[in-house]
Amino acid sequence: MRNLLEVKNVVKTYGDFTALNNVSLNIPKESVFGLLGPNGAGKTSLIRIINQITLPDSGLILLDGEALAPKHIAHIGYLPEERGLYKSMKVGEQALYLAQLKGMSKHEAKKRLKYWFEKFDIAAWWDKKIEELSKGMAQKVQFIVTVLHQPKLLIFDEPFSGFDPINAQLIAKEILQLRHEGATIIFSTHRMESVEEMCDEIALIDKSNKILDGKLDDIKRTFKTNTFQIGLKTSNAKEVTFELKQNFEVSPSNFKLLNDSLTLNVKLPKGNTANDLLSFLTKRGEVQHFVELIPTANDIFIQAVQKNS
Amino acid sequence: MMNKLKLIIHREFIAKVRNKSFIVMTFLSPLIMVGMGALIYFLMQKNDEKVKKIVFVDHSGLFSTEDFKDTKTIHYTDYTALGIEATKKKVEAGSYYGALFIPKQDSLELLAQSIEFYSKDSPGMSLMNSLENKISSKIRNEKLNNFGIDLAKIKASKIKTSIKMFDFSGEESSKLINELKIGFGFIAGYLLMMFVMIYGTSVMRSVIEEKTSRIIEIIVSSVKPFQLMMGKILGNAAAGLLQFFIWGVLIFAILTLASTIFGVDILEMQSAGISSEQMETIKDRAVGDKSMLIIQEILQLPILKMFVLFIFYFLGGFMLYSSLFAAIGAAVDNETDTQQFMLPIMLPLILGVYVGFATVINDPHGSIAVLFSHIPFTSPIVMLMRVPFGVSWYEIAISMASLLITFVCMVWLAAKIYRVGILMYGKKPTYKDLYRWLKYKS
């Protein structure tokens, strides 16, 4: 079984509104799976269905090959985007309570909490109330509560919001470590740079439909346009530009080199390779910069959503 | 499943009883109640100690100072010599409370209708009763004399009758016990309404807190919303029972302590509602005897039955109402939005108390009282008011059963609204929204 989670033809409606329209996803084991999409696309509906907070109108969800059932609650950890804890409850008691709700024994929960509290260096907070902690501190507690019961499937919805860059990095490291230890991670975010850093696969949901999914690298390959960013040191920039325009599709580029080189974006026509362009350039000057433009997750997101609308 | 419910009940119970307001309410209110009682008693005594000075002008020549003997609260002075007009002026200017004018009339009948009382403040009922009693008895004696009837014989023939009342189970009752039954029933009914309101809103607040703190989404990813709602309701019910139990123990302790310190005084407090002026009119009943009687009568009430039924109706009524409170809490984002939904919930509670006060007092087994003690939304209150008067077991059974059935239906409906509401933010819902939520699939 390669996939930990399989979502098959899930439909969810609220009255007249369709939140998910026949969505299917396969989430491979031990991967970080980016669940992306504009606000209101249906991501939260899908996450709630996976968490069994709501049931789909139709469709099937398999966890490790079994139809999703209440017993799977213990195998899922969920960090919602809108998060919170009981404000007037003490940190330790609260973490114990939430862990027990996930099916852990009190003894086991205590042991695991001790490990995490020491790891994050927050053991001194045990008897503090949540309302006495700062937002970032509360987020750390929340993260621990999410991962404490060692779930097979972890769902993080905007896990870095509320963290400063140092703590965000700490959390990112922990998430990757958890994957390394065998967990599968669904990662929902609007911060595309962290998608680049973390995700192996992504799915893009827009207007209740899945419009794109697959390995991030594969998607990039299909989205790339054979465009190269070039920097050429030449004495006759005007003429070179004219010649380039006759052979390739040329557009202005906005990056800067340290000297006054000619900088352009050049798109290769079908059949041409990078070497064709390179040899064309070397004949006309000194190549200082030559990079293929790979679309970022951000570009892919914007392009895909715009195309869909 | 059960394990998680137990966890939730435990958390809700602990969260409630650790709350400062719970601790303060639990330990302070019995003290406040006893303190208030003592204060009222004290004030009443103070009030009575103020002596009212009354002057009388008697032109009929019938009355003497013998007839207007000073009492603890009223002092009489004979101003007959001064005449009506001068007395009026004097009373108006001076420190006297009022003036009684008895004119000269040809017949006693006319005299009885022409006596006047002047005062700056309008006099209390009991003062007027006391004056009228004095005058009536004097005139009656005078008439008896005129008819040639020997007053001494009349006095000797006086006999006091008291009919002992029984019901067919052999329980003895009396007028006093009737009053006690009304008192006990009403206290129980009123207490129940207060408990349901206080603990119901507490459930609602707890739901709103979970929504606003956004922990709800984490909780419902671990447990079913229905479990959470039931856990909340049961946890709060347990806290309510604990509070009720502590109150019982505390009141018993305070009363025991007070009665050992003040002796019989504490028992007198129970008759503090009767002012000393009224006491005079019934003074042939000794105070000590009355206290003893009250204790005896209380012991004759079906205390255990009332206690058990109070617990049952508290739990039943509370769970019925608190499921609605929970649904409201889930539907809104903050407490100010609850107003529009609160009225339909409060109404039957308040109706129960009013119907109880209005009907049970006249006829505890009248058709209205019986009807409302079977309607589930008012039955906990009205039935508790009726119980001290003796309600047949099958009526109680029907009332209990309909309460339980309604409770199950209401919890089912409320859970549907709750389930959807807890994850809805932003818009203030309307009744139409709530109706739509009822139809959502989970």
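Residues are numbered from 1 along each chain as written, while chains are lettered from A and ligands numbered from 1 in the order written. Because the model is predicted, local features need pLDDT of at least 70 and side-chain atom pairs count only at pLDDT 80 or more, whereas totals for chains, interfaces and linings use all residues.

Me: What is the strand order of the open sheet of four strands in chain A?
Reply: Helices (H or I, at least four residues) and strands (E, at least two) are DSSP runs, numbered from the N terminus. Two strands pair if DSSP finds at least two bridges between them. Strand 12 and strand 14 (286–292) are the edges, each pairing on one side only. With antiparallel pairing, the order is 12-13-11-14.

Me: How many bridges join strand 12 and strand 13 of chain A?
Reply: Strand 12 spans residues 249–252 and pairs with strand 13 in the antiparallel sense. One bridge sets A:Val250 against A:Val266. The count is four.

Me: Which residue in strand 14 of chain A stands opposite A:Leu232?
Reply: Strand 11 and strand 14 of chain A pair in the antiparallel sense. They share six bridges. A:Leu232 faces A:Val287.

Me: At about what angle does helix 8 of chain A run to strand 13 of chain A?
Reply: Axes are lines fitted to C-alpha atoms, for helices over the stretch in contact, and angles run from 0 to 180 degrees between N-to-C directions. Helix 8 (residues 237–247) of chain A lies across strand 11, strand 12 and strand 13. Its angle to strand 13 is about 0°.

Me: Are helix 14 and helix 16 of chain B roughly parallel or roughly antiparallel?
Reply: Their axes come within 8 Å and cross at roughly 25°. Angles under 35 degrees count as roughly parallel, over 145 as roughly antiparallel, 65 to 115 as roughly perpendicular and the rest as oblique. Helix 14 and helix 16 of chain B are therefore roughly parallel.

Me: Which element gives the largest share of the side of chain B that touches chain A?
Reply: Two residues are in contact if their C-beta atoms, placed from the backbone, lie within 7 Å. By that rule, 17 residues of chain B are in contact with 21 residues of chain A. Helix 1 (2–18) and helix 8 (216–220) of chain B each give two or more residues. The largest share, four residues, comes from helix 8 of chain B.

Me: What distance separates the domain centres of chain B?
Reply: Domain bounds come from an automatic or database domain assignment. Domain 1 covers 50–149, and domain 2 covers 178–268 + 288–439. Taken over C-alpha atoms, their centres are separated by 54 Å.
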